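Trainee: I am new to this structure. Can you show me how to read its features, one at a time?

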Amino acid sequence: MTGTHAVAQRIVNAENNFLSWVQGQIDCTQAEAEKVLAIYRAERIVKIDAVGGQFTLTNGVFAEADVLTNAVND
């Protein structure tokens, strides 16, 4: 159970890192950043690494401020 808990914690950490990163990129609220995460997950744009606790985007264009803002306003 400890290993499962550790993996779950790394997933949460990666999600929190993504949310903080989005907020830093476009100066948005937590709820708006969560919306971006939901859209990016649904479209398989972001991948959450359960081993390293990091996130990666499938293409760097999705990291641009105008694209992130469009996701918030979608």
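Mentor: Start with contacts. A contact means heavy atoms within 4.5 Å. Keep in mind that this is a predicted model.

Trainee: How much of the contacts with a separation of 6 or more comes from residues 24 or more positions apart?

Mentor: In this protein, such residues account for 55% of those contacts.

Trainee: Which elements does the chain form, and in what order?

Mentor: Count first, then read from the N terminus. The protein has 3 helices and 2 strands. Their order is α-α-β-β-α.

Trainee: What radius of gyration does the protein have, and what would a compact globule have?

Mentor: Compare the value with the one for a globule of that length. For 74 residues, a compact globule would come out near 11 Å. The protein has 13 Å, which agrees. For the extents, take the C-alpha trace along its principal axes: about 40 × 25 × 20 Å.

Trainee: What share of the residues counts as buried?

Mentor: The cut-off is under 20% relative accessible area. Of the 74 residues, 24% count as buried. Now look at the surface. The accessible area is about 4,700 Å², and carbon and sulfur atoms hold 51% of that.

Trainee: How far apart are the mean positions of the positive and negative charges?

Mentor: There are 5 positive and 9 negative charges, and their mean positions lie 11 Å apart.

Trainee: How many aromatic pairs does a search of the whole structure find?

Mentor: The search finds 5. Take one of them. The ring centres of F18 and W21 are 5.8 Å apart and the planes stand at 40°, so this pair is tilted. Planes under 30 degrees apart would count as stacked, and over 60 as edge-to-face.

Trainee: Where do F18 and W21 lie?

Mentor: Both are in helix α1, residues 2-26. They are 3 residues apart, about one turn of the helix.

Trainee: Is F18 buried or exposed?

Mentor: F18 is buried, because its relative accessible area is 0%. W21 has 23%, so W21 is partly exposed.

W21 also pairs with F55. Their ring centres are 5.7 Å apart and their planes are at 50°, so this pair is tilted. F55 has a relative accessible area of 19%, so F55 is buried.

Trainee: Which residues do the ring pairs link into a cluster?

Mentor: The cluster holds F18, W21, Y40, F55 and F62. Find these rings in the model and trace the links.

Notes:
Residues numbered from 1 in each chain as written. Predicted model: local features only at pLDDT ≥ 70, side-chain atom pairs only at ≥ 80, totals over all residues. Heavy atoms only, no water. Helix = DSSP H or I, 4+ residues; strand = E, 2+ residues; numbered from the N terminus. Rg over C-alpha atoms; globule rule 2.2 N^0.38 Å. Buried < 20%, exposed > 50% of the residue type's maximum accessible area, 1.4 Å probe, protein only. Areas by Shrake-Rupley, 256 points an atom, 1.4 Å probe, with all protein chains shown as cover. Lys, Arg positive; Asp, Glu negative; His and termini not counted. Charge placed at Lys NZ, Arg CZ, Asp CG, Glu CD. Phe/Tyr/Trp six-rings, centres within 6.5 Å; stacked < 30°, edge-to-face > 60°.
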